[in-house]
Amino acid sequence: METHTQFPQDSDERGGDAREPVPVDHGCVQLLDPDGVRQEDALYDLFVADLGHAELLALYEDMVVTRRIDTEATALQRQGEIGLWPPSLGQEAAQVGSARVLRRGDFVFTSYREQAVAYCRGVELDQLMAMWRGTALSGWDPFAVGMATPAVIIGAQTLHATGYAMGCQRDGSDAVAVAYFGDGATSQGDVNEALVLAASFQAPVVFFCQNNQYAISEPVGLQAQRPIADRAPGFGVPSMRVDGNDVLAVTAAMRIAVDRARSGGGPTFIEAVTYRMGPHTTSDDPTRYRDESEVVSWRAKDPIARLERLLESEGALDETARAHVASVADAAAARVRAGCLALPAPDPLSLFDEVYATAHPGLERQREEYRSYLAMFDGGAR
Amino acid sequence: MKRFSLPDLGEGLTESELVSWRVAVGDHVELNQVIAEVETAKALVELPAPTAGVVTRLHVEPGTTVLVGEALVDFAPDGETAPSPSVPEADRAEVDRPSGAADREPVLVGYGPRTASGERPRRRARSGDDDTPAPAHTVPAHTAPVPERSRPRATPPVRRLARDLGVDLGTLVGTGVGGRIAREEVERAATGPSGQLPERARGAGAAPAGTPATPATAATAADGSVRRPITGVRRRTAEAMVSSAFTAPHVTEFLTVDVTPTMSLLDALARSPRTGDHRVNILTVLAKAVCIAVRRTPAVNASWDEAAGEIVEYGHVGLGIAAATPRGLLVPNIARAEELSLFELADAVADLVRTAREGRTAPAELRGGTITISNVGVFGVDAGTPILNPGEAAIIALGAVRRRPWEFEGQVALRHVVTLSLSFDHRLIDGEQGSRFLVDLGTMLSDPAMVLTMV
Amino acid sequence: MTTLTLSKAINAGLHHALADDDRVLLLGEDIGRLGGVFRVTDGLQAEFGADRVVDMPLAESAIIGAAIGLAFRGFRPVCEIQFDGFIYPGFDQIVAQLAKLHYRTKGAVRMPVTIRVPYGGGIGAVEHHSESPEAYFAHTAGLRVVTCSDPQDAHTMIRQAIACDDPVLFFEPKRRYWTKGEVLDDLPADPLAFTRARTVRAGTDATLVAYGPLVQTALEAAEAAADEGVDLEVIDLRSLAPLDVDAIAASVEKTGRLVITHEAQRSGGIGAELAASITERCFDLLEEAPVRVTGFDTPYPASALEDHFLPDLDRILDGVDRALGRRSSASAAGRAEARPVTGGEGRR
């Protein structure tokens with residue numbers, strides 16, 4: 001028997017270059033191609049058959065608006081008004097398409113890049129900015145919008161979503177929990193444990209993985225040696241792989257998954273193949289690890305452009321419609337800016353607020369001591 | 001006017017190079033319109049305008065390196081009246097920013113650490129102390145029952161001192177914060193010799209670190225012998241004695257003089273209305289004589305400072321009077337005794353002795369002595385070989401005044417006679433000096449009128 | 001009033017919690033069918049069903065993470081970590097999520113999660129089954145950490161911990177699981193009573209503070225000390241975060257001497273925090289420096305050596321000797337180490 005004493009040094013020996021993103025057409029459901037032409041799929045078509053022009057225009061508007069919010073936030077960072085922004089540019093279809101399938105009573109657990117999901121759930125735009133401006137650790141009341149605060153620890157939220165879903169089961173509710181996470185997160189233990197848990201209890205949870213090809217600088221080929229969607233069945237969780245820039249395919253897949261969960265069919269894993277058009281965050285320089293040519297090739301697959309072409313070809317995007325969408329986007333951008341700039345600086349002593357739900361004398365003492373300390377200085381607090 | 005300064009761009013830089021302007025002075029720009037390109041680590045970053053308005057000033061030439069926080073461009077925002085370019089008003093963008101983001105080194109996940117300002121570190125100015133008392137001990141809802149008699153409060157070093165000096169903290173009042181007993185109170189209560197050491201004489205008398213306190217109770221053995229633990233007071237006295245005796249080479253000289261005229265003088269003073277309540281005795285006279293004699297022989301009012309390699313001649317007289325107290329031997333001193341009149345000196349000596357006997361000598365009185373008198377005459381002895389108070393150069397023992405047959409005007413007569421014993425530190429006082437000093441004392445005591453020749 | 005072992009007392013407490021509030025769930029490995037490796041959850045699944053007493057996959061992070069999700073949904077989960085040494089895979093979910101969610105959401109989201117952890121040594125076990133990790137969690141803002149020492153406390157404290165809206169780490173002294181004691185069913189009126197220390201033996205000469213498995217040892221040491229004429233006040237700390245400094249300070253005001261004992265390693269342990277706090281509060285009432293009698297700064301050793309690692313009656317009394325200024329191992333070890341050397345200057 002041959003024994004290998006040398007491990008392959010070169011990615012070529014493994015067959016396939018780890019720097020290349022997994023090609024979109026590797027078993028990926030697509031209902032709308034980059035040129036805006038409808039593609040047929042017997043199964044998935046059923047789940048978007050009811051989407052007429054009004055519905056498509058609404059999706060189009062959501063994507064344009066969320067992209068505009070993203071652009072405005074990036075500008076705010078460049079203007080020094082927020083410290084950091086992780087752009088969702090290019091991922092609008094994946095986020096809007098999936099989020100718009102959900103009901104009010106469903107609950108969403110996301111990473112830190114799901115601002116389009118937040119918009120769809122009803123998070124106010126100033127609330128969206130608070131954690132990036134640093135005036136608060138998070139911006140909104142999760143129970144008001146059915147969305148947990150963004151998870152900065154990679155993958156932790158998948159367990160929370162699964163636990164929530166287990167709670168829905170016990171309540172006899174048909175509410176569904178959704179976990180949003182990226183390709184890199186699938187390497188974390190928590191994500192894999194969540195799949196085990198979800199399968200064991202057939203929990204009504206949807207695992208929505210946006211494979212945007214990069215985890216900061218690390219290409220997905222470093223984290224996955226097979227399409228990510230192939231993992232879930234190994235845990236006993238059915239999965240789908242869709243073109244994440246195709247809002248119709250995303251919608252269809254999400255509807256399938258949510259229906260399954262609501263009817264007691266258990267969890268589903270969706271891999272939405274998309275591309276992070278921008279940097280990891282505004283502090284990142286992607287030119288250090290990827291070619292402009294790659295970005296250009298993905299620009300040709302833009303999610304908004306293809307829907308625009310479809311709508312134009314069907315005569316549904318006239319000047320009135322365009323103007324309306326533009327004004328909604330402008331208004332949103334203005335609200336983001338004004339809301340962000342108006343966020344109040346927190347009172348120094350609020351540092352001590354809400355650590356515990358119950359009385360904590362030791363912490364109260366610390367607060368008092370600090371209050372006395374601050375009172376020593378001219379002008380009080382810094 | 002709105003000024004836009006270079007923000008941190010999240011590229012981990014404190015500066016970037018302005019590559020090109022996309023606008024010129026006088027151009028009207030829209031919000032977020034790209035106004036410049038800056039280069040950061042081989043990536044070109046476009047800067048969007050923070051406001052809609054007219055460009056009024058470009059601060060930087062293309063090709064210049066700009067620091068984060070430096071001004072880039074001024075605008076007259078739409079809606080404002082005429083721009084006032086000469087007025088450098090506060091940067092509104094800076095004010096809006098929650099925490100002065102411009103001075104921070106950007107990192108991957110946020111604003112970044114603040115970069116050093118280059119200024120000297122300085123404390124923030126404080127106004128008066130907050131009048132609200134800090135809640136040192138907030139009373140909890142329920143605690144263990146308050147003990148009826150609270151234990152005395154004293155910091156560990158003070159407790160240790162009390163143990164060593166044999167002072168029961170429970171007998172003290174404690175006037176510090178929260179009833180805390182201070183070191184001085186313990187020393188006062190002890191009137192122990194630990195404070196007796198002049199500040200110069202360090203190292204002498206230190207107890208070895210870590211000695212556990214032992215209770216001062218005597219134990220009678222089966223054979224009738226009694227064992228008494230060596231406690232702080234006696235231990236300290238012993239240490240001082242040993243230190244002095246085996247550091248300074250002691251020489252003792254004796255002089256016996258006929259002090260009958262002095263005794264007559266004392267009688268006269270006692271009857272004189274001028275004397276009032278002052279009680280002048282032979283010790284007082286000797287004290288005065290010492291103050292006068294040291295001027296003629298300054299060497300005796302000095303100290304050998306081994307550590308500094310110097311002999312210190314004092315400019316004043318801290319006249320120590322050895323005193324027996326309930327706790328043992330003490331040597332409180334009269335500061336600046338040379339400035340006191342005879343009557344003042346009498347009062348000072350009387351006070352000193354009485355205070356010592358009552359055990360109320362203050363620690364300050366035990367420090368700063370320069371020369372000592374030991375009145376062994378009260379015990380009924382004539383002379384001795386006194387041991388120097390550590391750090392001093394001379395000590396005089398005053399014997400009992402006796403009626404003795406003495407030579408007087410060529411005949412033998414009963415006269416008042418007293419012996420003075422002078423021990424001195426032979427390192428800094430030689431025989432001639434010591435003798436001269438002693439003879440001066442004897443002269444003044446045997447014939448007070450001779451003082452006129454010495455002052 | 002009944003006589004129960006400590007583990008049965010907890011079982012009874014869990015039973016009450018499950019019966020009184022149908023939002024209470026138990027999650028853990030082997031807690032359902034088996035009733036727990038220490039039988040603490042015996043009979044509960046049979047009575048309350050597999051939906052409420054849930055056998056979880058072998059995944060500590062999942063147990064805690066699922067509990068967090070269930071808490072979001074309004075449930076009151078009680079997790080069991082099978083052994084102290086297995087808590088670490090769940091550490092991130094505990095300190096980065098559970099501890100912070102209330103603060104992160106400014107109180108909008110409550111995490112009324114209780115995590116039960118059998119802990120401590122003295123059971124002759126293999127590695128990782130005798131740990132005392134309480135300090136990691138006491139150091140984490142946002143968590144409450146408590147531990148019981150006898151059956152009565154085990155019963156009332158677990159019920160109060162579950163009812164508390166904050167996340168609570170509930171450490172159970174596994175070597176005391178079989179200790180028996182009287183247990184009353186009633187709860188203290190104050191729901192936060194479980195966060196306070198308790199004087200278990202009044203005394204005057206020194207304050208001996210212990211928690212969890214060593215409370216019993218401390219009481220035994222106090223009995224032996226009485227034979228020598230030393231009257232010890234023994235306090236069961238019960239709450240490690242927050243520490244009931246007020247109660248300890250009140251005792252030290254009386255005695256002037258403090259001895260703290262725990263199984264956990266010395267450096268950075270609960271004893272260090274308590275010693276510092278009491279030194280700050282009672283500086284001018286202390287006759288001697290606080291003394292800590294603890295495990296050594298080594299990993300927990302092989303069982304053949306554990307009796308040397310764990311503080312026992314003699315080591316505790318040696319610590320008490322030191323606190324009384326008497327001859328002790330410290331004097332033998334050399335006072336040069338115990339007290340700072342002041343050099344040639346001598347003491348003023």
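**Figure 1. Helix H6 of chain A, a largely enclosed helix in a predicted model.** Helix H6 (residues 125-133) of chain A is largely enclosed by the rest of the structure, because seven of its nine residues are buried. Here buried means under 20% relative accessible area, exposed means over 50%, and partly exposed lies in between, all with a 1.4 Å probe and protein chains only. Helices (H or I, at least four residues) and strands (E, at least two) are DSSP runs, numbered from the N terminus. The buried residues of H6(A) are A:Leu125, A:Leu128, A:Met129, A:Ala130, A:Met131, A:Trp132 and A:Arg133. Just after H6(A) comes A:Gly134, which takes a positive phi of about 90°. This is a predicted model, in which local features need pLDDT of at least 70 and side-chain atom pairs count only at pLDDT 80 or more, while totals for chains, interfaces and linings use all residues. Residues are numbered from 1 along each chain as its sequence is written, chains are lettered from A and ligands numbered from 1 in the order in which they are written, and side-chain values use heavy atoms, with hydrogens and water left out.

Figure 2. A:Arg290 lies in the loop between strand S7 (268-273) and helix H13 (292-299) of chain A. A salt bridge is a side-chain nitrogen of Lys or Arg within 4 Å of a carboxyl oxygen of Asp or Glu; as for charge, Lys and Arg count as positive and Asp and Glu as negative, while His and the chain ends are not counted. What the side chain of A:Arg290 does reach is the backbone oxygen of A:Arg276, at 2.9 Å, and a polar atom of this side chain also lies 3.1 Å from the backbone oxygen of A:Met277. When neighbours within four places in sequence are left aside, A:Arg290 is in contact (heavy atoms within 4.5 Å) with A:Tyr214, A:Tyr275, A:Arg276, A:Met277, A:Gly278 and A:Val295.

**Figure 3. The interface between chain C and chain A.** In this interface, 45 residues of chain C are in contact with 39 residues of chain A. The two chains bury about 3,400 Å² between them, 60% of it on carbon and sulfur atoms, where buried area is the accessible area (1.4 Å probe) that two parts lose on being put together, summed over both. C:Phe72, C:Arg73 and C:Tyr103 supply 22% of the area that chain C buries against chain A, which is more than any other three residues. Between chain C and chain A there are three salt bridges, and C:Arg23 forms a salt bridge with A:Asp171 in which the closest N and O atoms are 2.7 Å apart. On the side of chain C that touches chain A, strand S3 (53-55), helix H3 (60-72), helix H4 (91-98) and helix H5 (101-104) each supply at least two residues, and H3(C) gives the most, with nine residues.

Figure 4. Most residues other than glycine have a negative phi, and most peptide bonds are trans. The peptide bond from C:Ala241 to C:Pro242 is cis, with omega near 0°, and C:Pro242 is placed in the loop between strand S12 (239-241) and helix H9 (245-255) of chain C. C:Arg238 is not a glycine, yet it has a positive phi of about 60°; C:Arg238 is found in the loop between strand S11 (232-236) and S12 of chain C and is buried, with a relative accessible area of 7%. A:Glu354, also a residue other than glycine, has a positive phi near 60°. A:Glu354 sits in the loop between helix H15 (319-342) and helix H16 (361-375) of chain A, where it is partly exposed, with a relative accessible area of 35%.

**Figure 5. C:Ile94, a buried residue of chain C.** C:Ile94 is found in helix H4 of chain C and counts as buried because its relative accessibility is 0%. Residues up to four places away in sequence not being counted, C:Ile94 touches C:Ile64, C:Ile87, C:Ala99, C:Ile115, C:Phe137, C:Leu143 and C:Leu169. C:Ile94 and C:Tyr119 are 25 residues apart in sequence and 17 Å apart in space, C-alpha to C-alpha.

Notes. Polar contact = N/O pair within 3.5 Å; in protein donor to acceptor, adjacent residues only side chain to side chain.
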